[in-house]
Amino acid sequence: MTRDGLTTRRGFAKAAAAPLVLPASTLGLGGATPPSDRIALAGIGMGSRNRRNIQEFLKPEDTQVVAVCDLFADRRRQAKDLVDKHYGNGDCTATRFHEEVLERDDIDAVVIGTGDRWHAVMSSLAAQAGKDVYCEKPFCLTIVEGRQLVEATRQHGTVWQCGTQRRSNPGYQFLVNTILSGRIGDLHTVRLSFGATGGWKQNAFAKPEKAPDIEEFDYDRWLGQSPWAPYSPERVRLWRLNWDTGAGGVADMGPHFIETVQWLRGKPLDAPVEYDGEAEFRDEGGINNIPYWYEIRTRFRDGLRLNMDTGRKGLMFIGDKGWIFLSDMGGIEARPDAVLAGLDPPDAHYNVMGPHIRNFLSCMRSRKQPVSGPEAAHRAHTIAHCANICLRLGRRVRWEPDSERFENDAEANNMRYRTMRAPWRV
């Protein structure tokens, strides 16, 4: 199938010549997009974050959400109700099995909002099935896993967008433009703060219990590539706080803000070459084994310093003439006042998602890579993973961006990857 004269993923994955679908105006529909010309989407992993994503994908006139998939029965029902209510029908399919979604020829793209351990695996499976992908971050748990996903999308010609929606946010564009205009002078330090909420300080001891009925919650599939462990409600509830199933606050928030730094520098494939820092970990055992307090200091080859911590969530850029701070809630502050004099900052709230989604949909039609495509997203995630490895080792490490290896450091290099539980792999 072709749309607007451009080959879509559905047709791209199948064959060469397909019949031309006439634009809506030709059909006399007053500019409305006919069903045959809409991008058909499915959501995989329908927790609160991905239901928010799907709400955004329901808004464009040229999309159609046709299926939802989740391992929790209640989430399947909630997601199907959301979609059916929007369209005023009961046509949305709900399933526990991602295979049933990926094997459908009428689905062009999937929106992945599963747990982090599934992101790269599911993205790879979707690419193999000929689907384009909008995937939540962090899209990989390790550096090597990220590189493998980049190669998989390249091999299959996938249009893949990371859900780092701040990259398309007008407020972040304003921030970048303001700094590039010289209003804070020569930039020498960036501080990224990922927040220190109570959630990261939670801990629990996983008392094994009988897993729920598989139709209500498929626990074994939920674990995915992670090492098998007995079921416990705590393990499921606090999955973000455990290295087996998540990667902590640095990898959770880091890619969002790091992409902005890469964007500003105009070097999306670069990375700091030195990492140092301190962290506080739980010492009483339990599920929580990520750092819940940390201070990370990194340095690029050109001398720019990029620091990360658990302070008030936002980005601060410091130059020799002043500084500018963008809160994750959208507010912009600066000193001296002259930095923002005469300017009218647009809304920079983190939930401004429309531009990022439109970028993805447009690239599906043009077959170009989105602003948060695989390579750029991988490099931003790599910086977060290098920081995590530094904290876990408790010492300084040196990174070689070109080879994607640590310098003369076998211990650190061994932490660039991990064994995945069969049969799941990227």
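Good morning. Residues are numbered from 1 along each chain as its sequence is written, and side-chain values use heavy atoms, with hydrogens and water left out. Because the model is predicted, local features need pLDDT of at least 70 and side-chain atom pairs count only at pLDDT 80 or more, whereas totals for chains, interfaces and linings use all residues.

I begin with confidence. The pLDDT, which is the predictor's confidence in each residue from 0 to 100, averages 92 over the protein, and 92% of the residues score at least 70. Where pLDDT is low, the predicted coordinates should not be read in detail.

I turn to the sheet. Helices (H or I, at least four residues) and strands (E, at least two) are DSSP runs, numbered from the N terminus, and two strands pair if DSSP finds at least two bridges between them. Nine strands form an open sheet with mixed pairing, in the order β15-β14-β13-β9-β12-β11-β10-β16-β17. Its edge strands, β15 (332-335) and β17 (405-406), each pair on one side only. Within the sheet, β10 (residues 274-280) and β11 (residues 293-299) are antiparallel partners over seven bridges, and G277 stands opposite I296 in β11. Helix α12 (residues 374-393) packs on this sheet and touches β10, β11, β12 (305-309), β16 (397-400) and β17. The direction of α12 makes about 55° with that of β10, with axes fitted to C-alpha atoms, for helices over the stretch in contact, and angles taken from 0 to 180 degrees between N-to-C directions.

Finally, the pockets. A pocket is an open set of points, on a 1 Å grid over the protein atoms alone, where a 1.4 Å probe fits, with protein on both sides within 12 Å along at least five of seven lines; lining residues have an atom within 4 Å of a point. The largest pocket holds about 1,200 Å³ of space, the volume being that filled by probe spheres set on the points. Its lining has 49 residues, of which S48, R49, T114, W239 and R240 lie nearest the centre. Helix α5 gives the most to that lining, with five residues.

The second largest pocket has a volume of about 230 Å³. Among its 15 lining residues, L141, T142, W243, R392 and M415 lie nearest the centre. Helix α12 supplies the largest share of this lining, four residues.

Definitions and conventions: Contact means heavy atoms within 4.5 Å.
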